[in-house]
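Hi,

Here's the structure I said I'd pass along.

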Amino acid sequence: MTEACTICAKHRGDGPLKGPLVWTGEHVIVYHRPTDEDGTAVLGHLFIETIRHAPYLDSLTDPEAADVGVSAARLARGLRAELSAEHVFAAVIGTGVPHFHQHLIARHPGTPAEIGWLASHDWPDAPRGTEADLAELCRRLATHLTDPTRY
């Protein structure tokens, strides 16, 4: 971890970044997007982050990359199962915060075609949840990562 990195600070429980914890593995940690000022969040926006401070995709070790891939696939299946997501978008942008993180964003049933993948949060009919709802969703999603009989 580095002192100046906001994602490393989040892993230490400090800094401006927040969000309910889904799961911690050997090489990755997964969070849900936090609630907005109204106390709710659109359900199904996850961040898969490396525990080790690795700035970019090409900075990952093979074991880290494998854990990111397995986690992303299992969580995508989990989002489809738990939220009936029509699709799960995955994105690694790599320009905002120099600590590897992959976004997984659920596209909810009925989302209009003109709503782009990154604007999913702007759809007023997207399902939203409170902190309690997010905690319950995170608990259910974690089972997709921890139950070896699931896949």
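Before the notes, one cut-off: I count two residues as being in contact when heavy atoms lie within 4.5 Å. Also, bear in mind that this is a predicted model.

With that cut-off, take valine 22. Skipping its neighbours within four places in sequence, it touches Val30, Tyr31, His32, Leu46, Leu75, Cys138, Leu141 and Ala142. Val22 also turns up in the largest nonpolar core, which has 26 residues. It is among those with the most contacts inside that core, along with Leu46, Ile48, Leu75 and Leu104. Who contributes to it? β1, β2, β4, α2 (62-83), β6 (101-107) and α3 each put in at least two residues. The largest share is from α2, with six residues.

Now the sheet. It's open, with five strands in the order β1-β2-β4-β6-β5 and antiparallel pairing. At the edges sit β1 (21-24) and β5 (87-91), each of which pairs on one side only. From one strand to the next, the twist averages 15°.

Tyrosine 31 has phenylalanine 47 in β4 as its bridge partner.

And which strands does helix α3 touch? Helix α3 (residues 131-146) packs on the sheet against β1, β2 and β4. Its direction makes about 25° with that of β1.

Cheers

Notes. Residues numbered from 1 in each chain as written. Predicted model: local features only at pLDDT ≥ 70, side-chain atom pairs only at ≥ 80, totals over all residues. Heavy atoms only, no water. Pairing = 2+ DSSP bridges. Helix = DSSP H or I, 4+ residues; strand = E, 2+ residues; numbered from the N terminus. Axes fitted to C-alpha atoms, helices over the stretch in contact; angles between N-to-C directions. Core = buried A, V, L, I, M, F, W, Y, C linked by side-chain atoms within 4.5 Å. Buried < 20%, exposed > 50% of the residue type's maximum accessible area, 1.4 Å probe, protein only.
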